Amino acid sequence: MVRQSRLFLLFLCSNVILLQAQQQERIEYSLLPSSSLMPRRTANVTEHGLSLCKMFDKDNYWAGIGNSLPLLQVNYGTLRGDVSVAATVFTQLDHKPGSLRVINTDFYVDLLFAMTWNERTFIQFGPGHTSQHLNDDAFEIFGYHSSINYVRDYYQLFVLQAIDKLRGYVYAGALYHHTFKVPSDNNPHWLFEVGADVAQTQLKSWLIGYVAFDIKLREELRYGSTQSYQVGVKILGESPHVIRVALTHRAGYEERGQFFDSKVQLHTLGVYFDF
């Protein structure tokens, strides 16, 4: 009986506190907000969005077709949060006179929850899926004899911190894979990722220069790295949407799952539509 009384008092007190908080703060909802609270991982090669990059080292293109769509934003006092769904298909195209031949098709789908810890700290988490495949052109034209079964289902968590002295932000996070189908000697679960978008410089009222990098450590490759270093400009408009033009150096292991244990050294010039 004493325990029940304590539970009842605890329940009553919590409801009084909640009622007072509701009277002081108002919950505001916004459907289909114009942008997510979480800034982009700018130099991440597989960041959701629409993009097209020309490779200098060979006559190939890297393209992404997709977007991240914010569905709901909630504001409660100083706390803010949102929910987004994101889906993008990435592919590498081989250019020959009169044709573009598709080598691979990599699908990414994420359900993302973001929140502000304070005005300078952002947190993003949620489940995701990717499956990555060779296209028919890879077999018929390039002569590949077989493909691998490359599938990852994961939970992700990222923390991003804005830093005035760097004129930008840094971030770090991880993906934990509860399903990971890939030829490997070990049983991989983890991918760790760090990066930054810094040295943001106002060149014109509508133009910002920046420097960014993104590094991933992959357990399936005994924590070998996939690296991306980028310098570019952001073209601003009246909306929160941004167009970027950037030069990127990519090194380390491949992003493409069908070539996951191959290494690359290449440079690209790309256009990115951050909508």
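**Notebook: rings, charges and strands**

I started with Phe113, which is partly exposed at a relative accessible area of 29%. The model I am reading is predicted.

**Entry on aromatic pairs.** I looked up how many ring pairs there are. The count comes to nine aromatic pairs. Phe113 and Phe125 form a stacked pair, because their planes stand at 20° and planes under 30 degrees apart count as stacked. Their ring centres are 5.6 Å apart. I then checked where the two partners sit. Phe113 belongs to strand E5 (residues 99-116). Phe125 belongs to strand E6 (residues 121-134). Phe125 is partly exposed, with 34% relative accessibility.

Next I took Phe273 and Phe275. Their ring centres lie 6.0 Å apart. Their planes stand at 65°, so I noted the pair as edge-to-face. Phe273 is partly exposed at 28% relative accessibility. Phe275 is partly exposed too, at 41%.

I also found a cluster. Ring pairs link its members, which are Tyr176, Trp190, Phe192 and Tyr223.

**Entry on charges over rings.** Which residue lies over the face of Trp62? I found Arg250 there, at 5.1 Å from the ring centre. Over the face of Phe180 I found Arg152, at 5.9 Å from the ring centre.

**Entry on Ser51.** I placed Ser51 in strand E2 (residues 50-55). Is Ser51 buried or exposed? Its relative accessibility is 10%, so Ser51 counts as buried, the limit being under 20%. I then listed what Ser51 touches, leaving out residues up to four places away in sequence. The contacts are Trp62, Ala63, Gly64, Val271 and Tyr272. Trp62 is the ring that has Arg250 over its face.

Strand E8 (residues 168-181) runs antiparallel to strand E9 (residues 190-204). Eight bridges join E8 to E9.

I moved on to strand E10 (residues 207-218). How many bridges join E9 to E10? I noted 11, and these two strands run antiparallel. Glu193 has Lys216, in E10, as its bridge partner. A hairpin joins E9 to E10, and it passes through two residues.

Note on methods. Residues numbered from 1 in each chain as written. Predicted model: local features only at pLDDT ≥ 70, side-chain atom pairs only at ≥ 80, totals over all residues. Heavy atoms only, no water. Phe/Tyr/Trp six-rings, centres within 6.5 Å; stacked < 30°, edge-to-face > 60°. Helix = DSSP H or I, 4+ residues; strand = E, 2+ residues; numbered from the N terminus. Buried < 20%, exposed > 50% of the residue type's maximum accessible area, 1.4 Å probe, protein only. Lys NZ or Arg CZ within 6 Å of the ring centre and 35° of its normal. Contact = heavy atoms within 4.5 Å. Pairing = 2+ DSSP bridges.
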